[in-house]
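I opened the notebook to look up helix packing, a chain contact and the nonpolar cores. Here is what I wrote down along the way.

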Amino acid sequence: MESTTLLILGGGPGGYVAALRAGQLGIPTVLVETANVGGTCLNIGCIPSKALIHAADEFHKLTRYTQGSPLGISAGSAAIDIHRTVAWMGGIVARLTGGVAGLLKKSGVSVIKGRAQILDGKTIEVEPPAGGSGKRQRISCEHLLLATGSEPVALPSLPFGGRVISSTEALSPAVLPGRLAVIGAGYIGLELGMAYRKLGAQVSVIEAQDRILPAYDADLAKPVAAALKALGMDLHLSCQVLGMNEAGDALRVSGADGKEREMAADQVLVAVGRRPRTSGYGLEGLMLDMDGPAVRIDDQCRTSMRQVWAIGDLTGEPMLAHRAMAQGVVVAEILAGKQRRYTPAAVPAVCFTDPEIAVAGLTPAQAQQAGLDCLSAEFPFAANGRALTMESAHGFVRVVARRDNHLIVGWQAVGQGVSELATAFSQSLEMGARLEDVAGTIHSHPTLGEAVQEAALRALGQSLHI
Amino acid sequence: MGVHIIKMPDIGEGIAEVELVEWHVQPGDSVVEDQVLADVMTDKATVQVPSPVHGTVLELGGKVGEVMAVGAELIRLEVDGAGNAAAVRASRRHGAAPEDQEAAPEAQRKAGEAAARAAEPSAAAPSAARTPVAGSPAAGSPAAGSPAAGSPAADKSHTRADEREPRAGPAASSGADAGASGAPSAAAGWQGGRQGSGVAAGPARPQGEKPLASPAVRKRAWDMGIELRFVHGTGEAGRITHYDLDRYQQQGASAGAMAMRRSAAYAPSDEEQQIPIIGLRRRIAEKMQESKRRIPHFTYVEEIDVTELEAMRLRLNERWGAERGKLTLLPLLVRAIVVALREYPQINARYDEQASVATRYSAVHMGIAAQTQSGLMVPVLRHAEAHDLWACAAEIARLAEAARSGRASRDELTGSTITVTSLGALGGIVSTPVINHPEVAIVGVNRIVERPVVLNGAIVARKMMNLSSSFDHRVVDGMHAAQFVQCIRGLLECPGMLFVE
């Protein structure tokens, strides 16, 4: 039986980063992955979705220019060959996953492809991929790191298959559907729904709650809702999905008024959330303490079983690749004998709708809930030169800071291209910056980043441009 | 894959049950041959039970603190091959005792070896900590401080300790201290003031608030082993800087702890901590209770002038110290007791109340009470009557060391006929020693102190020492006890008598 010091289940952002760091630190490491390394993020999540969104944006721009534009640009007809788009996306994914595989090799990590089964906290059996030549093997380890990620949640009334697809299928369309129904107005549903709309599909979004992006505060969701409308997407709030009709070509929906009706759809994208992947590989046998559907961990990513660790989506919200990566580094360094904890000041989150949303730390409401006496200030992009030159005067940057010592506790922004501001947000939070620190930092002109500085100035009552 | 059952091995002669003190493995762990599975405790010796086979732990036979019968199922392992489960079951069905004992001879042999080696857990901890993968092998012993430590008992106390939220550090003291010195100097607090650095510290961090520090500072604090919540931040908004870390380390964590104590001095505290009384502690508790419940103690205290004895001891040490080792008072006292017991054999005895027989011994097996890390132990100086002063001193030193390091064998911990207890400089004026049941007497030594004494009509300074001795009044009369102690006194005050045969 092969044995190793660290055995990692799952080669997603959490698992592969933990493996890389462990390899660098000289810890004998084995990584078991069913598919390609890179996990949901690289293969069927963040990266391909951003590629699709980019392609949709480009195409959409061109279609707008066929009617001429205020910029004076006009174009003939716009056309898209979705096969080539998907192939181009595949190229990016292959390049990134290939890069990760190369890095793992360089770090001396042994990657085993196959389906893992946990026999106990120290022993894993790996079944080679179907059609593979390898044979079953057992691997024993001193430390087991669970990084198996999450999977899309299916609706009982709308099981995946046929016209009902998850984000995975939506990211490699064979043909563009004429009418797409998106269930769930969270970030995944809206990112993909908007991209499909820009690619030309008729998109309806059905949401059970009475607003879009329920995870974000209402002010941030407003510009996105306006954009949905401008794009000509149908929004059905407070609606329940009952299932497909008998013919299987339309969705049965009961509206806010309680009346049932049918919505014709060529495809139905179910994007109602993701849940930790806790079954199918023997995790139950370890009887770990759980936090709802997620594996419970402490601030060192230890589970309730000694020398069994867990990171990433498996451990619950926020299910974000960068959180998993940070946790992976913590575990690897602890195993190398260092004292580490996963105690970030903030985990930034970005929603790649159009306009984008970027948040880090507390919103004013959350700060109030936490018992903090806070002040907050917004700076609108309408007063930002760079935003105007990009035809994106919608949105704002908001800062939340303590009233007593001006310590910044949160940032929110909505607007085109604000995803790149998330870096500045989390950096200021981790550094423990005060409003004066950000206000006193020269932000280059003309950039969207000036809105960050201006928000801080405004909170101090010293705003210049508004 | 088969199941291999390991039974509780028979470790010492005639012991029917042992107490499970610690598990080194948990279900799911894989174990290799000779790996220690559990610590068990018989009478007074702790013994490690190693695994005779390679395998994976399926099930543990008991909880820490549980008293298990010898031969009971200790642990179940999954092993390659057939295992021994069937054989063990079969032997149980036939109720064949000899077979039963054969089932675990290997474990027994290994346990014996382990006892001989007596590798104490604390010695294992540091080496484990040096392995590159921290918190792995050491995690089995609570000493390693792993939060995931195996035993439930350890877990419990750990959690409690963790839950205890330290006070917000020096910060909290500002309220109390500010009164006299005014706000700015109070803000500078113990750090700025003590160091005289003149750096104006930021306002104190209110209680319960998270320490504020950049990722680089956090990481460096972890590497330095500093808990940020104890560090006062001098940066903007109370931010902790690299400079704060340096200063904290220079002053040492003790300064921080002191400030913490000061700030918390008058704070109400409602903590409770439940310490499981298991292992040696429980043995001690049982022994003490047994002794006090059964034996009607009486304690007799006498003052002894040891001026001459001390003078002799110093001269002996001057002359022979280099060659034979230095003598303490204890071997001289042992000698005095040995000589005195010749006249009072009823005091060198063990009383079996059930049989109503007091057995007197010609041999003097002197129990020497010794404080060890895990609690009180009484190693036995066998045949004290056959040791000269230096042999006696050497043997006492060896036994004390063996007891402290946990290496004392069962034989070295049982069979005493009378016991001496001494706390040295901590001896106090008077003590009421508890008799080491079933013995009938214990001699307690109090501290030596210079006192004014009337000697030949003049007041002179003499080195005085009290002996506080307890006796079993059922079999020792007060007069005999007093005579015995007076006899010892005579010997010690005129030390030449110690060597008259």
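I began with H3(A) and H6(A), and their crossing is left-handed (the near helix is turned anticlockwise from the far one by less than a right angle). Helices here are DSSP runs of H or I with at least four residues, strands are E runs of at least two, and both are numbered from the N terminus. H3 spans residues 46-65 and H6 residues 187-198 of chain A; they pack at about 35 degrees with axes 8 Å apart. The axes are lines fitted to C-alpha atoms over the stretch in contact, with angles from 0 to 180 degrees between N-to-C directions.

I noted that the model is predicted: local features need pLDDT of at least 70 and side-chain atom pairs 80 or more, while totals for chains, interfaces and linings use all residues. Residues are numbered from 1 along each chain as its sequence is written, with chains lettered from A and ligands numbered from 1 in the order written.

Next I looked up the chain contact: 23 residues come from chain B and 28 from chain A, where contact means C-beta atoms, placed from the backbone, within 7 Å. On the side of chain B that touches chain A, H8(B) gives the most, with three residues.

Last came the cores (buried Ala, Val, Leu, Ile, Met, Phe, Trp, Tyr and Cys joined through C-beta atoms within 7 Å; buried means 20 or more other C-beta atoms within 10 Å). In the largest, of 153 residues, A:Leu145 and A:Ile183 touch the most other members. Helix H8 of chain A (321-335) supplies the largest share, eight residues. Apart from this core lies another of 53 residues, including B:Ile295 and B:Ile442.

Notes. Contact = placed C-beta atoms within 7 Å. Buried ≥ 20, exposed ≤ 12 C-beta atoms within 10 Å, placed from the backbone.
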